[in-house]
Amino acid sequence: MQPFRKLTGIAAPLPLVNVDTDQIIPAKWLKTIRRTGLGRGLFESLRFREDGSENPDFVLNREPYRRAVILITGENFGCGSSREHAPWALLDFGIRCVIAPSFADIFHNNCFKNGILPIVLPQETVDALMEEAEQTAEPVFTVDLETQTIHRPSGNAPVRFEVDPFKRHCLLAGLDDIGLTLQRLAKIEAFETRQRLEQPWLWQRAG
Amino acid sequence: MSGPRTLFDKIWDSHVVDVQEDGTCLLYIDRHLVHEVTSPQAFEGLRQAGRRVRRPDATLAVPDHNVPTTDRARGIPDETSRIQVETLRRNCAEFGITLFDMDDPRQGIVHVIGPEEGFTLPGTTIVCGDSHTSTHGAFGALAFGIGTSEVEHVLATQTLLQKRPRTMRIRVEGELGFGVTAKDVILGIIGRIGTAGGTGHVIEYAGPVIEALSMEGRMTVCNMSIEAGARAGLVAPDEKTFAYLRGRPMAPKGLAWEQAVAYWRTLPSDPGARYDREVAIDASELEPLVTWGTSPQDVVPVTGRVPDPARERDEKRRAAMERALAYMGLEPGTPMEEIRIDTVFIGSCTNARIEDLRLAAEVVRRSGRRVASGVRALVVPGSGLVKRQAEEEGLDRVFREAGFEWREPGCSMCLAMNNDRLAPGERCASTSNRNFEGRQGKGGRTHLVSPAMAAAAALTGRLTDVRKLLA
């Protein structure tokens, strides 16, 4: 996984609530057996018209937001399906940080596994950042995971954010979870030995 | 660890392999269900790292999202779908995982076959790369959906890194009225707490209404926990749970069964156990419900009207309502029963079990009507075994003779990954779980309802209070 330390770039405002993963990437894109190439499907029904041409009204089709690396959006972002294709599509488009008042659990988890930083901030703070992203000609923000701060184009005081310390550590180092877990193999084996004794029926699957 | 514990606490505590300093737990996973859509990249990751599947015996795979529900003799015509199903087949062979392939009579929706086979057991941890894994919580199992990276993690290590979630108990008091079903209970709950109401929580459903539900009904309730934002829903295992599981192919047998049941009886929450949040719902106030918008929380009684955004004070919510109504092509104030529908979908991991089909068939039989002209009505059983049982009971004839299409099992029009989908602007009464924009096909308009209400809509050609047809 690509580490996430400091990200500087355009932030796009997406003032919608309850954006579900079907909207982030429709099901027809789920037929792939790869993780890459999903950027074209990102927000497909919002970004493209019936004939396949771009919808000029959608934020990611307008300059400077075409170059967005940060998305600022409404509450409960990423609700619905567990599809990891949602963060894969964001990543493929170039978005590596999403800022919202709240996220759905599975999407939130999936982001961290892919080097995307989801940041939860109070509604008023999100509103203020969204306004800045909307009203600045070149809204370049810097998200610094090391110091847990967001630096704003206006030069207003940086915004501090909280993040789970372990997830922060993994993102900063670009760590592979599986490798880490396998270092604790002895503990997994000890658990299995005990469970075999205490709940043997879980180890005698018929059929 | 002393003191009264909840059902959730007991399952969680008995699966912690290790705790990190910051509280993140390494949780052991007893059962892993795999399907074709969210697993290819996980197997590819294993291959690249030279890793094997740690517990093939605790893993069960089935293709369901992409499979055709019409004649399967010709395989899967759509190439990308076919490649995905073939990839699952190849991966299961390579890593030694049991697969119920498309021609296996046990094939079906992953959340229907787990319980049906007795793969789902009380007190276990169960995961699947699918958000509706919450379904299995009906058996008193801690079951939740995960992403593909976590699928790979479970395949490789049989564990997951998890923070302990908070707990919520939803007590459903009173008694269900005539024509009101498990689907209406969960839609009512989501309407009450909202689609983010359960975020960060595991919900335990309790109270007399939940206790009185069949296993199928409990599965319907737990299934849509994710639509309330919770990753998992739970119901305490009881005699009904044990009766359902007894004799299932993968359930314990003989002495092992006795040992297991003795353990399962210790699982229900202790008296006085504390929850982080408590909600009470009076079921006697529930009516058959229907959604009007593009979020599962957008529910109204079928006797109600399309709500008016002008009455919503919160600006963001008002904008969301206006957007939803524009997408749905609905005017505020329209009585729900005047809304005409084009399609009816009876199926999905929410409502495609035998009891759901019996209920829908009962509405058809008692009304004596046929599917309204111009309406396309699909019945898609949840599994090959559900289909076979329904046919043995003659339900397929009831449906067919009334003009419904009787299909092969799969996820079908719940998410339109196969050819079963809505055309732009088409309106559907659906027993599935999500009414999101484009969920059942680009531009399609979904109204979530119970199987009884879906059958009623098929027969009249509009959203209909099923109680009128049953009276």
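Chain A has eight helices and seven strands. Helices here are DSSP runs of H or I with at least four residues, strands are runs of E with at least two, and both are numbered from the N terminus. The model is predicted: local features need pLDDT of at least 70, side-chain atom pairs count only at pLDDT 80 or more, and totals for chains, interfaces and linings use all residues. Residues are numbered from 1 along each chain as its sequence is written, chains are lettered from A and ligands numbered from 1 in the order in which they are written, and side-chain values use heavy atoms, with hydrogens and water left out.

Staying with chain A, its C-alpha trace spans about 65 × 45 × 25 Å along the principal axes. Of its 207 residues, 58% are buried; buried means under 20% relative accessible area, exposed means over 50%, and partly exposed lies in between, with a 1.4 Å probe and protein chains only. Contact means heavy atoms within 4.5 Å. Among the chain A contacts with a separation of 6 or more, 64% are between residues 24 or more positions apart.

Next, the aromatic rings. Rings of Phe, Tyr and Trp (for Trp, the six-membered ring) pair if their centres lie within 6.5 Å; planes under 30 degrees apart count as stacked, over 60 as edge-to-face, and the rest as tilted. Over all chains, that rule gives 13 aromatic pairs. Why is the pair of Phe43(A) and Phe58(A) called tilted? Their ring centres are 5.8 Å apart and their planes stand at 55°, so the pair falls in the tilted class. This pair links distant parts of the chain, 15 residues apart: Phe43(A) is in the loop between α1 (21-24) and α2 (44-47) of chain A, and Phe58(A) is in the loop between α2 and β2 (70-73). Phe43(A) is buried at a relative accessible area of 0%, and Phe58(A) is buried at 8%.

Another tilted pair is Trp201(A) with Tyr263(B), at 5.7 Å centre to centre and 45° between the planes. Trp201(A) lies in the segment after α8 (185-198) of chain A and Tyr263(B) in helix α10 (residues 254-264) of chain B, so this pair joins two chains. Trp201(A) is buried, with a relative accessible area of 5%. Back within chain A, Phe77(A), Phe103(A) and Phe107(A) form one aromatic cluster.

Chain B also has charges over rings. That label applies if NZ of Lys or CZ of Arg is within 6 Å of the ring centre and within 35 degrees of the ring normal. The charged end of Arg31(B) sits over Phe119(B), 5.5 Å from the ring centre, and that of Arg248(B) sits over Tyr244(B), 3.9 Å from the ring centre.

Now the backbone. Most residues other than glycine have a negative phi, and most peptide bonds are trans. Where is a cis peptide bond found? One joins Glu63(A) and Pro64(A), with omega about 0°, and Pro64(A) is in the loop between α2 and β2 of chain A. Asn18(A), not a glycine, has a positive phi of about 55°. Asn18(A) sits in the loop between β1 (6-14) and α1 of chain A and is buried at 14% relative accessible area. In chain B, Ala416(B) has a positive phi near 55°. Ala416(B) is in the loop between β17 (405-406) and β18 (427-430) and is buried at 9%.

On to helices in chain B. Two packed helices are described by the angle between their axes and the distance between the axes. Helix α12 (residues 354-367) and helix α15 (residues 451-460) of chain B have axes that come within 8 Å and cross at roughly 35°. The axes are lines fitted to C-alpha atoms, for helices over the stretch in contact, and angles run from 0 to 180 degrees between N-to-C directions. Residues of α12(B) in this contact include Leu359(B) and Val363(B), and those of α15(B) include Ala452(B) and Leu459(B).

Last, helix α2 (residues 40-49) of chain B. Its buried residues include Phe43(B) and Leu46(B). The cover over the buried residues of α2(B) includes α3 (85-93) of chain A, along with β3 (31-34), α3 (79-95) and α5 (148-157) of chain B. Gly50(B) follows α2(B) and has a positive phi, near 65°.
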